[in-house]
Amino acid sequence: MKNPETKRDLSCEKGEGDAMELLQHLLESAFSREASDIHLDGWEDRLRVRFRIHGILIEQPPLSRRNGDLLLRRIKVFGGMDPRRFGCIQDGSASIKYAGIVRDIRFAITVGVGHRECAAIRLFQSGLQTLEDLDLSAETRGVVEAWIQNGIGLFLIGGPTGCGKTSTLYSILHRLAQGPYSIVTLENPVERRLEGIRQIDVGGPGRPGFSEGLRSLMRQDPDVLMIGEIRDAEAARTAIDAALSGHRVLATIHAPHALSVEERLRGSFGIDAQSLRAALEISMSQRLVPLLCRTCRRALRMRPVGYPGDMPFFESPGCAECGYTGRMGRKLLVEIREKENGLSLRAQAHEMLKEGRIDYRDAV
Ligand SMILES: [Zn+2]
């Protein structure tokens, strides 16, 4: 195990050797079961342990109070927090190598009932995705690369919750960070730590608010400014103004289509059409579409309405291979609109439907 940010020495203090072993065992066990989070809740006599696996919190054997305290203390050291501070909110991060892959971990210490400490641990199953990992179409990739090389203005990524907006955002940042740019982010919270980028965590107790973070950020003279997610009018105005004053701005926004990105900015956040036209350079919208399991895939007899008569349809009823879900893997679909051109999400889904790669119900 190592902490890439601080490279601190994790050799165990006397008497706490077991705590490191406890932590390692806990993390490895969670990673092996594909958990996304670990919840540790300090109770009067024990530490409750739960894993979130495929969205559901699953109870694990609890730890004794003594072992629980040792574990929480070790988490603070490992995550780069202050182990002497007790009963206050702290955030930290680290990474471990498990099954040959370096995985990032984010820790949040909070205080629960009876001043007992709790910890929420977010586990990232994969390392940071690169632009290549996203498997974008050649056209989309070209547009993104061109903006990274010498783009201007606002690059906005929209899509529903859980469609991988943040992964796309970080893969673009990761590429930008290799260039000669000063990059600063305003995030709530910081999802992943990136080398060579100044990341400001805004919101949450004990941290600067959005406007305060922004003032500090502008003093740092950034070339590229990243706003994790535009959630309100203030963030929207900031993104537009920064783009209009010659900065490159990257941000995400909750919106179902590339077009609705603009509608959201105008309708929900009151951005006027003229500023929007001048600032918004690229709007991207994405979805993760489940792919049909090829083992149990078969032709569909029924013809869904609204499609041409000669088009074949497929369905996958489910088999042991796909865990009886009928789906196997997901494909990222991206719709990208430059100021002029556009490659429609619907057209891409239609192509995949014709190739028999996705279910027609997932294509709309
Ligand atoms: Zn199957």
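Colleague: What makes Glu 355 count as exposed or buried?
Modeller: A residue is buried if 20 or more other C-beta atoms, placed from the backbone, lie within 10 Å of its own, exposed if 12 or fewer, and partly exposed in between. Glu 355 has 10 C-beta neighbours inside 10 Å, so it counts as exposed. Glu 355 sits in the loop between α9 (345-354) and α10 (360-363); helices are DSSP runs of H or I with at least four residues, strands are runs of E with at least two, and both are numbered from the N terminus.

Colleague: What should I know about the model itself?
Modeller: This is a predicted model, where local features need pLDDT of at least 70, side-chain atom pairs count only at pLDDT 80 or more, and totals for chains, interfaces and linings use all residues. Residues are numbered from 1 along each chain as its sequence is written. The pLDDT, the predictor's confidence in each residue from 0 to 100, averages 83 over the protein chain.

Colleague: Why is Asp 135 called exposed?
Modeller: Because Asp 135 has 11 other C-beta atoms within 10 Å, it is exposed. Asp 135 also has a positive phi of about 55 degrees, although it is not a glycine.

Colleague: How do you know that the length of helix α2 agrees with what it should span?
Modeller: The expected span is 1.5 Å times one less than the number of residues. The 14 residues of α2 (residues 65-78) should therefore span 20 Å, and the end C-alpha atoms are 20 Å apart, which agrees.
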